[in-house]
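Please keep the sequence and the structure in view while reading.

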Amino acid sequence: MHQMIELHPPADALTGLGLPSIPYPVALPAFQAAVANDGELPLADMLHGLQLRAAREAADWQAMEPAMARLAELLAPDDADECLAAEGADWWIEIGPVDLGGAVVALQRDDALLAAITQRPDGRLRMAAYRPLDGRSIELLVGLARGGVALADLRLPAAAESGLPGLSRWSADAGSGPDADTQPAWRTQPALAARRPAFVLAEIGSWELLRA
């Protein structure tokens with residue numbers, strides 16, 4: 001992995017793009033290219049750097065969410081479709097609506113629901129994201145998409161440590177789950193608005209392109 005350098009873009013450049021004025025960690029080659037290009041910002045590298053930083057256990061990940069969400073909007077394809085597909089050489093997952101009251105695998109960080117995964121009629125997976133996705137979250141989602149295993153048979157990773165994203169399974173029965181007496185708010189009041197699939201696709205695409 002390349003050395004990471006904090007990029008401090010001019011405030012007017014950030015304001016023009018609707019980005020908050022914070023440091024953006026980028027790989028050294030991207031930093032050098034940004035300097036050489038007289039201020040043209042490496043948006044995908046900026047998003048990737050935040051995804052890396054937000055994935056750390058002690059990260060103030062919620063403070064980075066506005067910048068990550070806006071970068072995803074700027075990088076997203078001009079596509080308003082309700083469902084889009086993200087895929088790699090050995091995985092495929094659909095990004096689209098998910099019934100939070102049904103059988104889902106939840107990707108959570110502390111008490112916040114980041115994404116929910118369910119089974120399509122053809123056996124493949126569909127996911128909806130509700131907050132910007134850090135690098136660890138994307139790796140967990142891509143890992144689930146590999147193998148074509150039925151949702152009920154998925155072998156979930158061990159529970160995440162406090163402060164890190166983790167996965168849990170919830171059945172269609174409202175009284176089920178890791179702790180039936182302490183249903184999360186998103187489970188008992190499933191009224192969260194999913195993010196536009198094009199934005200989520202941009203996040204996953206940037207991570208997969210630059211993670212090596």
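## Basis of the description

Helices (H or I, at least four residues) and strands (E, at least two) are DSSP runs, numbered from the N terminus. The model is predicted, so that local features need pLDDT of at least 70 and side-chain atom pairs count only at pLDDT 80 or more, while totals for chains, interfaces and linings use all residues. Residues are numbered from 1 along each chain as its sequence is written, and side-chain values use heavy atoms, with hydrogens and water left out.

## The cavity

There is 1 cavity of 30 Å³ or more, a cavity being a set of points on a 1 Å grid over the protein atoms alone where a 1.4 Å probe fits but cannot get out, with lining residues having an atom within 4 Å of a point. The largest cavity holds about 40 Å³ of space, a volume being the space filled by probe spheres set on the points, which are joined across faces, edges and corners.

Its lining consists of Ala54, Trp61, Glu65, Met68, Arg109, Leu114, Pro132 and Asp134, and helix H4 (residues 61–75) gives the most to it, with 3 residues.

## Packing against helix H7

The axes of helix H5 (residues 135–145) and helix H7 (residues 197–210) come within 10 Å and cross at roughly 95°, where axes are lines fitted to C-alpha atoms, for helices over the stretch in contact, and angles run from 0 to 180 degrees between N-to-C directions. H5 and H7 are therefore roughly perpendicular to each other, a label for angles of 65 to 115 degrees. The contact (heavy atoms within 4.5 Å) joins Gly135, Ile138, Glu139 and Val142 of H5 to Glu203, Ile204, Trp207 and Glu208 of H7.

Helix H3 (residues 43–54) also packs with H7, at an angle of about 85° and with the axes 9 Å apart, which makes H3 roughly perpendicular to H7. On the H3 side are Ala44, Asp45, Leu47, His48, Gln51 and Leu52, which meet Ala202, Glu203, Ser206, Trp207 and Leu210 in H7.

## Salt bridges

The structure holds 10 salt bridges, each a side-chain nitrogen of Lys or Arg within 4 Å of a carboxyl oxygen of Asp or Glu. One of them pairs glutamate 73 with arginine 70, their closest N and O atoms being 2.9 Å apart; both residues lie in helix H4, 3 residues apart, about one turn of the helix.

Terms used: Angles under 35 degrees count as roughly parallel, over 145 as roughly antiparallel, 65 to 115 as roughly perpendicular and the rest as oblique. On a 1 Å grid over the protein atoms alone, a cavity is a set of points where a 1.4 Å probe fits but cannot get out, and a pocket is an open set with protein on both sides within 12 Å along at least five of seven lines; lining residues have an atom within 4 Å of a point.
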